[in-house]
Amino acid sequence: METDKIEEATSNAVDIYKGLACSPSVTRGEISFGDNTSLTTVTSIWSQRDIERSENVKFSRSHYISQENHIEVLARSAPTELKSEVWNVQSPSGKLRVIIRSVKSDKQDEKQYIEIWNTQNKEKNIDVKSLDIHGKIYDQDGHFGTLQWSKSEKFLLYVAEKKQPKTESFFEKKPESNSDSSKDPPLRGEEHVFREMWGEQFVDKCHPVLCVFDIEAATTRVLDTTKVLNTEMDMSAGQAIWTPGDSGVVFVGWTNEPFKLGLIYCPQRRNALYHIDLESTTCTQLSEKDKSVRSPRFTPDGKKLVYLQNATYGPHMTCANLIECDWASKNLTTIVGDCFQGEDGISKFPGIYSLEFPTRCWATDNKTLFMSSTWGSKVDIISINIETKTVAKLNEDAEVGVWTVLDVTRDMILASYANPSTPPYLRLGVLNLKEDATYSITWTQLDTPSRISGIKYKINTHTPTGEKAKDHFSNLKYESILVTPTSESNVKPPLVVYPHGGPHSAIVCDFMLYIAGLCKCGYAVLLVNYRGSTGAGKDSIDSLPGNVGTQDVNDVQGAAEEIIKDGNFDKNRVVVMGGSHGGFLTGHLIGQHPKFYRAAVMRNPAINVASMLGSTDIPDWCFVEAGIEYNQSILAGVEDYKKMWERSPIKYVKDVTTPVMIMLGAIDLRVPPKQGHEYYRALKANNVEARMLVYEGNCHPINKVDAEADAFVNIVKWFTKHLSSP
Ligand SMILES: CSCC[C@H](NC=O)C(=O)N[C@@H](CO)C(=O)O
């Protein structure tokens with residue numbers, strides 16, 4: 001009986017996952033105009049899981065739109081699969097396009113090409129290797145990646161791996177003395193020197209350099225900060241943009257010394273904004289010292305440069321400031337600073353929580369920009385007027401969900417919208433300037449949303465109460481999102497408690513494949529944005545470091561107990577799952593509330609912060625979240641290790657009785673797989689049922705198409721098994 005139930009649930013999960021995995025996500029969008037200004041083209045790039053091919057398939061779509069009196073979709077192109085495109089950027093005039101293509105030969109070695117296309121054909125194709133001046137061109141990695149047309153459309157600006165000298169063995173036969181010794185003789189005995197890279201998911205990115213490509217001459221100039229640019233610092237460079245008139249470049253430079261810390265999910269690495277004058281090749285620092293900056297953007301008139309900035313070290317994600325640099329004087333002004341919520345909860349603007357501005361983000365007034373920013377458990381579009389320093393939510397009455405700004409031009413905004421029951425779809429909006437100098441917007445759906453039936457969701461607000469209100473920050477509110485199946489059955493659905501990772505991140509009302517899948521399999525899911533999450537004010541974020549393992553655990557448990565008290569769920573059918581810091585919280589929850597959860601699943605869990613310190617790519621996280629101030633010269637002492645252990649789930653493993661399934665990415669550099677092994681052994685030593693899945697070739701997110709699919713079905717199978725048993 002039980003076996004049949006498990007088999008049926010597993011087979012059902014496979015069918016549900018296959019159906020939902022077809023939902024594509026939008027990765028880029030662009031508004032362009034033909035000669036006939038009443039005709040607008042929207043080009044969008046999408047990504048979709050292909051389970052049969054076990055890869056993410058990329059494709060483009062176009063919408064042809066008339067905007068005579070109102071926006072009307074005249075036609076839609078069929079999706080076109082994009083093979084091997086790393087970048088695809090249109091020139092300012094729209095007459096040219098550059099495509100960086102990456103082609104793998106049968107021997108799997110990768111070749112890259114710089115392709116220049118006009119509106120009829122491919123004009124130029126350059127084999128990057130033939131340039132023999134740098135390594136691989138970087139992709140759109142969210143930190144270094146750059147591909148920018150100069151205004152003149154004669155040059156391209158991109159970032160590539162610095163060229164490495166050839167190496168050879170000490171025992172290599174020396175060339176005859178009279179032979180042509182190459183200008184760069186191979187370095188002997190250097191073949192095995194360790195090359196530090198930028199951590200998790202940046203394993204082939206060690207030393208990015210700026211490159212200026214002359215299209216006509218088909219030659220590249222590398223702007224190597226240590227040589228060309230009178231700077232002693234050996235920098236990694238990225239996020240470069242042209243200065244007005246193409247006379248220079250503004251870029252973000254990260255120091256490579258004393259050692260590199262993992263970059264992904266950590267936009268607080270020490271760096272600075274620099275300006276290179278291409279004629280004199282002088283390099284000057286624009287931004288303040290000892291800060292972390294990102295996403296530089298010039299106003300269309302070139303008079304102002306804005307960028308995002310936050311403190312270095314500290315919480316791995318936090319409230320960002322918007323800084324304006326007056327280009328003529330280079331004077332800096334803070335336009336939007338830190339925001340503290342206090343007891344107001346998330347009603348008022350909680351601050352900027354975003355990794356970047358859209359590539360084009362300005363209204364034609366040259367002073368208002370538009371961006372997406374996390375606001376509680378949602379993502380809204382905000383407008384920021386850099387003259388009046390005012391922030392406004394663009395659409396006050398917008399549906400609750402995730403609004404992502406893709407492109408802003410000629411007072412039109414292209415955005416995608418999604419929510420837990422609706423995969424992302426495109427909307428095109430026309431901005432209307434109001435008397436108070438803010439904007440309203442009129443949206444048009446470019447597609448009919450493909451809403452998934454049987455799923456509803458709501459946002460709950462929680463205040464720490466009772467025993468759990470004993471900490472110093474109990475005045476701060478926090479949210480959760482409850483996603484529930486809308487079945488007619490009067491059987492109470494089982495509840496999955498799902499704390500997000502980070503801990504300084506947020507789980508928002510987005511379309512999430514696993515959450516929709518669990519819901520369609522009959523589970524309700526409680527997604528908890530405990531205090532310390534982004535999108536709820538800087539005081540919320542600052543409340544958590546030093547209190548992980550208690551405050552965050554109490555918030556998740558408090559939200560679960562509150563929701564169960566409402567009577568819609570059976571308190572005997574509650575399970576828990578989480579990844580990374582969410583796995584850390586899962587371990588704490590089953591250790592501190594051993595009889596509350598019927599089953600648990602952890603993805604790459606942080607189990608013992610002390611034992612992780614020496615092997616994670618972000619050791620700073622271990623100090624900061626244990627409440628120890630970090631700098632790169634710190635060395636952990638006994639007391640530091642003690643504090644880290646005290647805050648770790650391993651401390652409570654002896655009390656665990658809940659069956660646990662651990663899922664590990666075999667090449668995870670963020671939370672090394674040995675963390676999961678440590679917990680697995682401790683559970684087995686305590687006769688607790690434990691199952692471990694190891695996904696080869698997968699890193700921290702475990703998001704390769706086959707692994708992600710397998711993990712989902714195994715999760716449903718694990719929960720079904722342990723909810724069916726007495
Ligand atoms: C030493 S790893 C700490 C946990 C990790 N924090 C930052 O990377 C984490 O929880 N990551 C989240 C994403 O922020 C995840 O879900 O993987």
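The model is predicted, so to speak of local features takes pLDDT of at least 70 and side-chain atom pairs count only at pLDDT 80 or more, while totals for chains, interfaces and linings use all residues. Residues are numbered from 1 along each chain as its sequence is written, and side-chain values use heavy atoms, without hydrogens and water.

Let's start with the sheet. Strands pair if DSSP finds at least two bridges between them. β6 is joined to β7 (residues 97-104) by 5 bridges; in one of them, glutamate 85 partners arginine 101.

Now look for the largest nonpolar core, which has 58 residues. A nonpolar core is a set of buried Ala, Val, Leu, Ile, Met, Phe, Trp, Tyr and Cys residues joined through side-chain atoms within 4.5 Å, where buried means under 20% relative accessible area with a 1.4 Å probe, protein chains only. Tyr597 is among the residues with the most contacts inside this core.

Finally, find helices (H or I runs of at least four residues) α3 (residues 513-520) and α11 (residues 705-724), which pack at about 35° with axes 11 Å apart. Those axes are lines fitted to C-alpha atoms over the stretch in contact, and angles run from 0 to 180 degrees between N-to-C directions. Contact (heavy atoms within 4.5 Å) involves residues including Tyr514 of α3 and Phe712 of α11.

Terms used. Helices (H or I, at least four residues) and strands (E, at least two) are DSSP runs, numbered from the N terminus. Buried means under 20% relative accessible area, exposed over 50%, partly exposed in between (1.4 Å probe, protein chains only).
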